Amino acid sequence: MTVLTNEMFAIFDQPEFSFKKIKESHSPAEVAELKASFKNVWQIWKKVNETVASQLPENKFAKVHVESWTNGWNLRDHFWASYRLAYLADANPCLGVMLDKKQLQVYLMFQHYKSEQRQGTPQEYDQLLTEIPAWARKLDLSHWYLWDKNEMELADHMPLAHYLSEQQLQQRFNAEAQKTSFLLGKFAFRDQNQVDDMEKYILDALLQLTPLYEKFSLN
């Protein structure tokens with residue numbers, strides 16, 4: 001059981017993430033200390049996601065992908081992991097888990113990065129929008145949000161409850177989202193939601209999203 005601490009969020013309270021620029025204003029010792037701090041939090045993050053993966057239904061999911069804490073030139077401004085159903089291991093839709101300076105989020109997404117190397121189009125994925133009302137009927141809508149791919153990562157997204165309760169809002173969102181793709185997920189905010197068990201929080205949200213994710217089909 002891993003507690004999500006403010007220190008884990010605070011690692012991303014950085015004015016600069018480029019190694020080149022960081023080295024211009026920090027001593028080698030300070031750079032080394034910063035790297036060590038990032039890597040320490042990332043190692044916790046990696047272990048949390050590996051534990052979550054081990055608790056998912058056996059053989060249902062492909063191996064979890066935990067993105068590195070650096071891309072070689074920059075520190076990451078968030079930590080990210082992706083989970084794919086085994087039979088959709090080569091498809092673009094996936095379940096993502098992200099930690100940044102504002103929130104922990106577990107969400108369904110279409111992975112546009114290198115999407116040409118995988119199967120499934122945004123149009124096929126966006127058909128899942130029609131499945132959301134039925135999927136959400138038994139869901140506690142607290143802390144669930146829906147947003148468009150073009151919204152900024154740290155923007156305030158639309159509560160799923162608002163989307164489901166207003167028909168016109170739902171129609172407008174669907175029309176816009178179908179030009180790109182939508183994301184749907186559960187959030188724990190740094191200044192609001194205490195997460196005493198990260199593994200349970202992530203696992204529960206992944207399992208809640210899975211029935212909707214399973215509705216995706218390649219035409």
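View 1. Among contacts (heavy atoms within 4.5 Å) in the chain between residues at least 6 apart in sequence, 70% join residues at least 24 apart. The structure is a predicted model, in which local features need pLDDT of at least 70 and side-chain atom pairs count only at pLDDT 80 or more, whereas totals for chains, interfaces and linings use all residues. Residues are numbered from 1 along each chain as its sequence is written, and side-chain values use heavy atoms, with hydrogens and water left out.

**View 2. Elements and dimensions of the chain.** The chain holds eight helices and seven strands, defined as DSSP runs numbered from the N terminus (helices are H or I, at least four residues; strands are E, at least two). Its C-alpha trace spans about 55 × 40 × 35 Å along the principal axes, and 47% of the 219 residues count as buried, a term for residues under 20% relative accessible area (1.4 Å probe, protein chains only), with exposed meaning over 50% and partly exposed in between.

**View 3. Surroundings of Asn 6.** Asn 6 lies in helix α1, which covers residues 6-10, and this residue is partly exposed, because its relative accessible area is 42%. The side chain of Asn 6 makes a polar contact with the side chain of Arg 190 at 2.9 Å, where a polar contact is a pair of N or O atoms within 3.5 Å; within protein, one must be able to donate a hydrogen and the other to accept it, and residues adjacent in sequence count only if both atoms are side-chain atoms. Asp 191 is 185 residues from Asn 6 along the chain, yet their C-alpha atoms are separated by 8.8 Å.
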